[in-house]
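I opened my notebook beside a new model today and jotted down each thing I looked up. Come along and check the entries against the structure as you read.

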Amino acid sequence: MAGPKHPRHYDEAFKRQIVQSCESGKPSREIRAEYDIARSTPQRWVQGIRNSGSTRAADNRTPERNEPVELRRRNRQSEMEVDVSEQAAPVFARK
């Protein structure tokens, strides 16, 4: 299984297939063993589909919980832009 520093990413069709298996009555233990997924994953996807119709984490978080995620994303973007600018500055200074 992938660790917390290397999470797996599944496409929407796969997630919906797992949800359908759960809702058809197949035991969660069998699903997890068959697809080698974490214990909470099928439950989280089923709950997401029931709540918002989506398995995407961003669609299932409250606006208050999405705000820090968005701020971290923008902070990373700004840091990358600063790094690029710092690396480009000597190149442009030579001209």
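**Entry 1: one serine.** Leaving aside neighbours within four places in sequence, which residues is Ser-21 in contact with? I looked, keeping in mind that this is a predicted model, and found Lys-26 and Ile-31. Ser-21 itself sits in helix H1. Is Ser-21 buried or exposed? Its relative accessibility is 16%, and buried means under 20%, so I wrote down Ser-21 as buried.

**Entry 2: the whole chain.** Next I stepped back for an overview. I noted four helices and zero strands, and reading along the sequence gave me the pattern α-α-α-α. The chain has 95 residues, of which 17% are buried. For the accessible surface I noted about 7600 Å², with 51% of that belonging to carbon and sulfur atoms. I also looked up contacts between residues at least 6 apart in sequence: 45% of these join residues at least 24 apart.

**Entry 3: the core.** Which residues form the largest nonpolar core? I listed eight: Phe-14, Ile-18, Val-19, Ile-31, Ile-37, Trp-45, Val-46 and Ile-49. Two elements, helix H1 (12–23) and helix H3 (40–52), each give two or more residues to this core. Ile-31 was already in my notes, as one of the contacts of Ser-21.

**Entry 4: two helices meeting.** How do I describe a packed pair? The axes of H1 and H3 come within 9 Å and cross at roughly 95°. Angles of 65 to 115 degrees count as roughly perpendicular, so that is how I recorded H1 and H3. On the H1 side, I found Phe-14, Lys-15, Arg-16, Ile-18, Val-19, Cys-22 and Glu-23. They meet Pro-42, Trp-45, Val-46, Ile-49 and Arg-50 of H3. Sorted by class, this contact has eight nonpolar residues, four charged ones and no polar ones.

Entry 5: Most residues other than glycine have a negative phi. Asp-36 is not a glycine, yet I found a positive phi of about 55° there. Where is Asp-36 found? I traced Asp-36 to the loop between helix H2 (28–35) and H3. With a relative accessibility of 34%, Asp-36 counts as partly exposed.

Methods: Residues numbered from 1 in each chain as written. Predicted model: local features only at pLDDT ≥ 70, side-chain atom pairs only at ≥ 80, totals over all residues. Heavy atoms only, no water. Core = buried A, V, L, I, M, F, W, Y, C linked by side-chain atoms within 4.5 Å. Buried < 20%, exposed > 50% of the residue type's maximum accessible area, 1.4 Å probe, protein only. Contact = heavy atoms within 4.5 Å. Areas by Shrake-Rupley, 256 points an atom, 1.4 Å probe, with all protein chains shown as cover. Axes fitted to C-alpha atoms, helices over the stretch in contact; angles between N-to-C directions. Parallel < 35°, antiparallel > 145°, perpendicular 65-115°, else oblique. Nonpolar A, V, L, I, M, F, W, Y, C, P; charged D, E, K, R; others polar.
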